[in-house]
Amino acid sequence: MKGDHKIWDVAVIGGGPSGMMAAGRAAELGARVILIEKNETLGKKLLLTGGGRCNLTNAEPSTRAFLSKLKENEKFLFSTFSQMNIEDTISFFNKHGLDTKMEAGGRVFPISDKAKSVLDALIKYINKGDVTIKTKKIVSNITINKDNTFSIQTKEDEIIKAKKIIIATGGTSRPETGSTGDGFKWLASLGHTIEESDASLVPIAISDEWVKTLQGVTLSNIKINVFQNNKKQFSKKGNVLFTHFGISGPTIINMSKDVRDLLHYGPVVIKLDILPHLGDGETNKMLQALFIKEQNKKFKNIVNTIAPVSTFQKIIMDFSNIEPETFCHSITREKRLFLAKILKGIPMNVEGILGKEKAIVTSGGVPLTEVDTKTMESKLCKKLFLTGDILDIDRPSGGYSLQICWTTGYVAGTAAAK
Ligand SMILES: Cc1cc2nc3c(=O)[nH]c(=O)nc-3n(C[C@H](O)[C@H](O)[C@H](O)COP(=O)(O)OP(=O)(O)OC[C@H]3O[C@@H](n4cnc5c(N)ncnc54)[C@H](O)[C@@H]3O)c2cc1C
């Protein structure tokens, strides 16, 4: 076995966003840093983010507003974010040559619309600090030596020694990018709890065939009502993107975890309310007025006033049971009431939520109760720090995940360099 005689101040395992930030920061403060990555290149998953555009943070108006989206983890992260908040992140990237822009929902992207620009800025940062980068090295084990240093063993039969280590190996979503949950095994052997990893932000599969015929269609500003046992469980307003397997888009993936939880108790039906600005009675009145105004027109020729997307008009006609050739004056009250009901709740049967291979992040990982969040040091193993997706932090999509990576990476890098 080849031993590197050098003892590094800091070894970072995992060259994703949080590992690169941690390595760059520790080096900036003067530590001798080695960054170990199993892939040939750094940041493979980062390049996939935001559809290749990288939604690098969310410009929430305050840290409090940002953290409130992280559910029960909010309370642990105030001191972490006091060291690097959203504004600091944007200034960091601007300082390292990356101009940013803000889009709907506070989502921040590079002006270039390329995730590669974000990766380039990070690589520039770590190179500036003279970080030694070792790619194509798969860490297989970590041991603590008698002199309180760490030995990092690689599958390539190498031992790398370091005084402090930062584990940034990510979660288990999109394993083809290198995130295969290796860090969880080592941390479990050191006594850490690993909350079960489960797909958290994923699209939803629908069993109804008609949904698949709408592939590529987006319905905007509608209300999505989720039912179980005929009882409404929760609702969200937003957009729905139809795909070949079901439905997707930010609103859908943000509700996927709650849908998954409901599926443990039985079948789930999602109903789309395409007229959320009208109540049930108002919808009926609107149709009544429309059918009087257009009484001499056929149903098929006025359905576009109800459903703007043409492929969706066919679905409305199929569901309503009104013959397309029927003149509006001949549509019965019963049929009109049924149409109103459909417009307020087109039902779709949930088949399941997609698995880890389609997940944006996975929930699960090391609970923050086992980490000193002022430094990101493990409470169970001194001089070992944890960053990014390896931590069990529930978060919505929209730049929150990467912001957590930047902040935890920066804080761990700062503390490890001391
Ligand atoms: C398709 C997709 C789109 C996304 N879009 C966004 C977005 O727009 N905005 C956002 O905020 N978040 C987004 N995310 C989430 C975001 O990508 C993650 O939160 C982030 O990449 C986590 O960073 P990380 O550094 O913790 O881990 P990772 O990015 O998972 O990196 C971990 C690294 O560790 C390496 N590694 C693992 N095991 C070993 C080992 N044994 N030895 C050596 N190296 C190892 C891996 O190869 C990998 O490079 C997206 C995720 C996906 C999958």
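The model is predicted, so local features need pLDDT of at least 70 and side-chain atom pairs count only at pLDDT 80 or more, while totals for chains, interfaces and linings use all residues. Residues are numbered from 1 along each chain as its sequence is written, and side-chain values use heavy atoms, with hydrogens and water left out.

Select Pro-17: one of its backbone N or O atoms lies 3.4 Å from a ligand oxygen atom. At Asn-39, a side-chain N or O atom is 3.3 Å from an oxygen atom of the ligand. At Val-139, a polar backbone atom is 3.0 Å from a ligand nitrogen atom.

Next, select helix H1 (residues 17-28) and helix H5 (residues 115-128). Helices here are DSSP runs of H or I with at least four residues, numbered from the N terminus. The axes, lines fitted to C-alpha atoms over the stretch in contact, are 8 Å apart at an angle of about 30°. That makes H1 roughly parallel to H5, a term for angles under 35 degrees. Met-20, Met-21, Ala-23, Gly-24, Arg-25 and Glu-28 of H1 meet Leu-119, Leu-122, Tyr-125 and Ile-126 of H5, where contact means heavy atoms within 4.5 Å. These residues divide into seven nonpolar, one polar and two charged.

Finally, select helix H9 (residues 280-293) and helix H12 (residues 333-343). Their axes come within 9 Å and cross at roughly 125°. On H9, select Thr-283, Asn-284, Leu-287, Gln-288 and Phe-291; on H12, select Arg-336, Leu-337, Leu-339, Ala-340 and Leu-343. This contact has six nonpolar, three polar and one charged residue.

Definitions and conventions:
Axes are lines fitted to C-alpha atoms, for helices over the stretch in contact, and angles run from 0 to 180 degrees between N-to-C directions. Helices (H or I, at least four residues) and strands (E, at least two) are DSSP runs, numbered from the N terminus. Ala, Val, Leu, Ile, Met, Phe, Trp, Tyr, Cys and Pro count as nonpolar, Asp, Glu, Lys and Arg as charged, and the others, Gly among them, as polar. A polar contact is a pair of N or O atoms within 3.5 Å; within protein, one must be able to donate a hydrogen and the other to accept it, and residues adjacent in sequence count only if both atoms are side-chain atoms. Angles under 35 degrees count as roughly parallel, over 145 as roughly antiparallel, 65 to 115 as roughly perpendicular and the rest as oblique.
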